[in-house]
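User: I'm new to this one and would like to get my bearings. Could you walk me through it?

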Amino acid sequence: MRYYTVGFVGLNLAPLTYHSDEKLLKFQLVYVSLRGKNTLACVLDECEKPSFKTLEIVQILPFGLTHIQQEIFNFVRYYYLGDIGGTLGLFEFDNDCAALGKDSFINVPNLSQLQQKAYEFLNSHNMALLFGDTGSGKSEIYIKMIADVLNSGKQALFLMPEISLTPQMQTRLEYYFGDAVAVWHSKVTPKRKNEILNGIKSSNIRLIAGARSALFLPLWHLGLIVVDEEHDDSYKNHSRPHYNARDLSLVVGQKCDIKVVLGSATPSLTTYEKLPSFRLKQTFFNTQKTYIFDKSQTGLSKIIKDEISKSLSKNKQIIVCLPTRANYRFLQCKECGETIKCPFCSVGMSYYKKQNVLKCQYCEYKTPVINRCEKCGSQVIQAQKIGTSELIEQLQQTFANARISKFDRDEITTQNKLKKALKEFNDGKIDILVGTQMLSKGHDYHNVDLAVIMGIDEMLNYADFRAREKTLALVKQVSGRAGRKGQGRAIIQTYHDDFFNDYLDNYDEFIKNELVFRDGLYPPYCRMLRILITHKNDAIASKMVMDLVDKISKFKLDFEIIGYGKCAIELMANKFRYEILIRSSSHRPLIQIAKISQNEFVDCDIDPINFS
């Protein structure tokens with residue numbers, strides 16, 4: 001009789017001990033009886049016979065975690081403090097795939113001289129950054145490298161930050177690699193997921209393109225990981241465990257000897273500082289970009305109207321980026337200034353005119369529009385901070401003959417809607433596409449000659465050490481959608497035109513100056529830990545923070561408590577929120593602190609990107 005501790009896939013439960021007559025391998029999958037039900041579990045280790053009675057393992061499955069998945073599991077458990085069940089729940093499981101034969105994908109892009117240099121540079125490094133301007137041909141280099149890997153008898157993984165990128169990239173990859181390509185993300189149906197897993201197992205599918213979850217597929221013969229738009233925050237998992245798929249890709253590359261290429265037109269400062277990079281400044285098209293700065297409040301100004309009219313008169317298309325959804329961000333009393341807030345979150349509720357409701361963007365609570373201020377009783381309620389829905393109404397009134405469509409998370413709720421919207425825009429059936437940051441996600445719009453970017457001053461002034469980096473990246477990415485072929489214009493509605501004027505065409509200089517500002521204070525020169533405390537009782541949450549600060553302060557470790565107190569959003573989903581921010585020159589003290597801090601009321605995030 002042999003005894004094994006097992007972890008339960010997807011369940012936040014402590015490991016339990018079971019027995020079997022068979023010799024089992026570590027990380028092998030089994031079914032065990034838990035509360036009377038057969039439950040999928042993973043063998044963690046063989047152990048001594050316990051003093052208590054154990055149940056027999058019900059079924060032994062002929063597979064487990066791949067060697068790559070094992071490395072990911074161990075790192076997520078150690079670095080991101082993932083619980084066993086939750087971490088196991090990230091993975092897809094399947095049998096070992098068939099031995100891969102060499103392919104002969106010879107239909108690959110012809111690279112320019114500079115692209116060829118970039119290709120050779122990336123091949124000479126196991127991990128590297130391709131720092132290429134929008135339209136410089138990064139995708140062609142990726143495709144050439146993927147073809148090399150597939151032709152050598154290995155698999156490739158192409159990561160994208162969001163599924164909004166997948167339709168166009170899928171078409172491009174299928175042109176070169178046909179049925180060897182599969183797309184993987186959260187919206188893929190269970191039936192299609194099974195087909196993809198079977199395709200991987202049979203080796204018919206050799207290239208996976210997808211969002212961060214694709215990193216957890218059972219790829220036994222992985223030879224290359226490409227992380228496109230590596231700067232994007234969507235690679236960070238906002239629920240436990242708080243892994244970053246970009247950083248996890250680098251760990252996999254290092255531990256499993258897999259080539260990793262990160263690419264971006266606006267690389268994160270951390271990536272730029274820590275990886276060897278190739279600067280690709282060329283562009284395939286003779287693009288001439290003009291920047292127009294509009295010093296006015298967020299909204300449809302005369303400058304914006306005039307420039308849209310010019311584009312429409314030339315049968316050109318326009319994209320308008322506004323970070324705010326709904327008609328307005330919030331409603332405010334004109335007499336006392338009180339904002340109508342969500343009763344469960346300390347944020348103003350967004351106003352949706354068509355449904356005549358107020359909606360919280362955090363907890364989804366909805367209520368009919370309130371016409372009287374609950375604080376002073378005034379009936380003078382005004383809407384503040386225009387959103388995409390209201391902007392579309394104003395555009396429709398101004399440009400009655402224009403075909404206008406919305407591209408945000410309120411509108412694009414399914415993958416089919418996403419594909420339809422992009423196809424209609426690329427087919428010229430939409431003149432003006434209004435959306436949020438989704439518009440920046442790497443789409444190619446060849447008839448767009450005007451990009452309008454609104455509402456960015458609030459982002460620039462946000463209390464976040466990455467505010468300048470994130471805002472400049474967004475503006476560069478959106479403005480880069482205009483003039484992909486020929487002349488393009490970008491209107492930037494801002495009172496900080498000096499900042500954008502200095503750096504929009506010189507991201508290299510921005511990186512240089514920003515690194516000086518961060519030296520000794522922020523990543524990439526140190527690591528950070530955010531400890532988030534949430535509780536339904538404010539007094540208990542506050543006491544927990546003070547007790548934790550007192551406990552942490554006694555540690556003889558190399559770290560600094562930056563600050564602590566209420567979060568920027570101090571109430572969310574009816575729970576009070578406090579935070580402690582800590583930095584250190586090494587990750588080790590942060591992990592030790594996180595280990596003794598984390599519980600059901602305390603969530604620890606290593607390398608945080610969200611400070612709201």
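Predicted model: local features only at pLDDT ≥ 70, side-chain atom pairs only at ≥ 80, totals over all residues.

User: Which strand and helices do the buried residues of H15 pack against?

Analyst: Start with who is buried: in H15 those are Tyr507, Phe510, Ile511, Glu514, Leu515 and Arg518. They cover an arc of only 130 degrees around the axis, so they sit on the same side of H15. What that buried set packs against is strand S7 (127-132), helix H8 (269-274), helix H13 (467-479) and helix H14 (497-503).

User: And which exposed residues are on the face of H15 turned away from its buried side?

Analyst: The buried residues include Phe510 and Leu515. On the face turned away from them, the exposed residues are Lys512 and Val516.

User: How far apart are the end C-alpha atoms of H15?

Analyst: H15 has 12 residues, 507-518, and at 1.5 Å a residue they should span 16 Å. The model agrees with that expectation, as the end C-alpha atoms are apart by 16 Å.

User: What residue with a positive phi follows H15?

Analyst: Its phi is near 85 degrees. The residue is Gly520.

User: How many residues does the largest nonpolar core have?

Analyst: As a rule, in soluble globular proteins nonpolar side chains tend to be buried together. Here, the residues with the most contacts inside the largest core are Ile208, Ile225, Ile531 and Ile533. Leaving aside neighbours within four places in sequence, Ile225 is in contact with residues including Leu157, Leu159, Val252 and Ile258. The number of residues in this largest core is 107.

User: How many residues are in the other core that lies apart from it?

Analyst: Among its members are Cys345, Tyr351, Cys360 and Met454. The count for that core is 32 residues.

User: What about Cys604: how far is the closest cysteine sulfur?

Analyst: Cys604 is buried, at 2% relative accessibility. Its closest cysteine sulfur is in Cys567, too far for a bond, and the structure holds zero disulfides. The distance is 13 Å.

User: Is Thr367 buried or exposed?

Analyst: Thr367 is found in strand S19 (residues 366-368) and touches Met349, Val357 and Leu358, not counting residues up to four places away in sequence. Its relative accessibility is 14%, and buried means under 20%. So Thr367 counts as buried.

Notes:
Residues numbered from 1 in each chain as written. Heavy atoms only, no water. Helix = DSSP H or I, 4+ residues; strand = E, 2+ residues; numbered from the N terminus. Buried < 20%, exposed > 50% of the residue type's maximum accessible area, 1.4 Å probe, protein only. Contact = heavy atoms within 4.5 Å. Core = buried A, V, L, I, M, F, W, Y, C linked by side-chain atoms within 4.5 Å. Disulfide = S-S within 2.5 Å. Expected span 1.5 Å × (residues − 1). Arc of directions from axis to C-beta.
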